[in-house]
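Student: I would like a close look at a single part of this model, and one connected answer will do.

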Amino acid sequence: MLNLTDNRPSATFRRVIGVAVLGLILPLAACGTGSEPSEPTSSAPTESNTPSESADSAALDPTGKWTSPEAGDPYLEFSEDGQVEGTDGCNAIKTTWEVDGDKILISSFTTTQKACAGVDTWLSKASSATVEGNVMKISDASGKVVGGLEKEDK
């Protein structure tokens, strides 16, 4: 009598193949969809920052929580000690920041590596940011604006 289960791969072998396939597919899932991230919903800044004669870094203070209403509710929270925590809408992120003139420099993230369907993880590309009133424009390493966050009211 023919027993089909004798030719079936073991559970361990199937898990190893599954992990290998995920390892090949997940980097592709991190690629953008080609669509631009939505702009912040704020139409105009509510505060005006006039640069001082001595453009010192104290003039730019990003501390607080900056959010987006997009899928996954991406946000960054800047603390006074130079730490940043948040999520790109899918993965938790943590890094440091510093002010350089009129820019906020954001170090490379320590992040989880989950794949989330229907979530644009544009925030994971953050390398620097600028602030205009209550809007933070996030730029990638090449200086291209990839999205925006709004200052959360307390």
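Student: Is tryptophan 97 buried or exposed, and what is its relative accessible area?

Tutor: This is a predicted model, in which local features need pLDDT of at least 70 and side-chain atom pairs count only at pLDDT 80 or more, while totals for chains, interfaces and linings use all residues. Residues are numbered from 1 along each chain as its sequence is written, and side-chain values use heavy atoms, with hydrogens and water left out. Tryptophan 97 has a relative accessible area of 14% and is buried (buried is under 20%, exposed over 50%, partly exposed in between, with a 1.4 Å probe and protein chains only). The whole structure holds 1 aromatic pair. Its members are phenylalanine 78 and tryptophan 97, with ring centres 5.8 Å apart and planes at 75 degrees, so the pair is edge-to-face. For such pairs, rings of Phe, Tyr and Trp (its six-membered ring) must have centres within 6.5 Å; planes under 30 degrees apart count as stacked, over 60 as edge-to-face and the rest as tilted. Phenylalanine 78 sits in strand E2 (residues 75-78) and tryptophan 97 in strand E4, so the contact ties together parts 19 residues apart in sequence. Strands (E, at least two residues) are DSSP runs, numbered from the N terminus. Phenylalanine 78 is also buried, at 2% relative accessibility.

Strand E4 spans 92-100, and cysteine 90 lies in the loop between strand E3 (83-87) and strand E4. Cysteine 90 forms a disulfide with cysteine 116, the sulfur atoms being 2.0 Å apart (the cut-off for a pair of cysteine sulfur atoms is within 2.5 Å). Cysteine 90 is buried at 9%, whereas cysteine 116 is partly exposed at 29%.

Technical notes. Helices (H or I, at least four residues) and strands (E, at least two) are DSSP runs, numbered from the N terminus.
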